[in-house]
Amino acid sequence: MAMLASTAKKSCIDWAFTSPFWRGFKGFGWQDARVIAPVVDSSFLLSHPHAVVADVRWYLDGRSGHDAFRAGHLPGAIWIDLEAHLSGHGQPAAAGRHPFPTPSDFAAAMGSYGIDDHSVVVAYDDMGGMVAARLVVMLRMLGRDAALLDGGLAAWNAEGHPVNEGDGRTPEPTTFTEQSWPARRLADADTAAAHAASGGTVLDARAADRFTGENAAIDPRPGHVPGARNAPWQALLGPDSRMLPAIDLLAHYEAIGVDPGTNANTICYCGSGVSACLNVLAMERLGFDAPRLFVASWSGWSADPDRPTETGPAQ
């Protein structure tokens with residue numbers, strides 16, 4: 001009976017991912033239900049020649065994402081600068097390394113990249129979506145058509161598609177309407193603290209050694225938000241850099257205590273509000289309610305000496 005139940009569960013999830021119903025429904029009742037699916041493959045991109053293809057490569061170790069773009073990118077792609085245009089500037093340390101830009105700055109940046117209110121945006125990187133997911137989540141929060149290219153550059157190359165070298169095309173500036181960031185999709189430090197303290201689900205997307213505090217090389221203090229659970233972004237990907245099959249994603253989240261029926265208040269964070277976005281998209285892909293993003297994340301939390309920290313495995 002258990003095997004039959006498991007098989008039925010897998011069949012239902014696989015049907016949901018592949019059926020016209022899923023592709024048309026595009027969500028389960030939250031703000032982003034009216035936009036395209038959160039993760040798409042190369043066939044989608046090839047069938048949407050007017051989509052804006054966004055290369056969002058950036059590296060924590062300081063390598064140049066723009067140099068990587070120039071060395072080889074998807075045809076027609078533009079490079080979007082995480083530091084310059086997907087992050088705010090001049091904010092206090094407690095806002096984290098990559099706070100959201102102001103709505104006006106974000107609108108101006110998107111317009112400068114040729115993205116308007118009706119653009120379809122497909123973003124990729126060379127890390128399975130760890131960075132590109134940030135742009136996708138920001139756009140989807142505002143109800144815009146944006147998706148992550150499953151597997152990114154690695155999958156594109158593996159399928160034998162061409163790449164271009166050099167600076168890429170010059171986008172034609174357009175108008176992107178300014179909108180406020182939706183408060184119900186975001187969480188601040190106080191909200192994350194209270195939610196975790198009450199037993200709510202708070203997920204940390206960093207690698208295990210940063211979560212436990214063994215690796216303290218990046219942020220002001222080691223550890224994690226007390227009560228948080230470790231949900232590394234790497235665990236969402238297969239060896240081909242594509243997102244895991246639905247049944248495996250579901251098992252992954254169930255193992256760390258994410259309940260599909262009660263996850264509406266889940267909060268996701270990471271080091272600086274970037275890799276956490278991959279958890280946001282993975283849960284949306286499963287049909288979960290979209291979790292809230294704690295943008296300041298650990299870089300902001302650990303910069304505030306009044307915030308308590310916890311080290312070691314999740315309690």
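Asp 55 stands opposite Trp 79 in S3, a position within a predicted model in which local features need pLDDT of at least 70, side-chain atom pairs count only at pLDDT 80 or more, and totals for chains, interfaces and linings use all residues. Residues are numbered from 1 along each chain as its sequence is written, and side-chain values use heavy atoms, with hydrogens and water left out.

Strand S2 (residues 52–55) runs parallel to S3, and two bridges join them; strands are DSSP runs of E with at least two residues, helices are runs of H or I with at least four residues, and both are numbered from the N terminus. Two strands are taken to pair if DSSP finds at least two bridges between them. The open sheet of five strands has the order S1-S5-S4-S2-S3, with parallel pairing. Its edge strands, S1 (39–40) and S3 (78–79), each pair on one side only. Helix H7 (residues 132–141) packs on this sheet and touches S2, S4 (120–124) and S5 (145–149), contact meaning heavy atoms within 4.5 Å. The direction of H7 makes about 160° with that of S5; axes are lines fitted to C-alpha atoms, for helices over the stretch in contact, and angles run from 0 to 180 degrees between N-to-C directions.

An open sheet of four strands shows parallel pairing in the order S7-S6-S8-S9. Strands S7 (229–230) and S9 (292–293) form its edges, each pairing on one side only. Three bridges join S6 (residues 202–204) to S8 (residues 267–269), and these strands run parallel. Leu 203 stands opposite Cys 268 in S8. Helix H12 (residues 276–285) packs on the sheet, where S6, S8 and S9 are touched, and the direction of H12 makes about 145° with that of S8.
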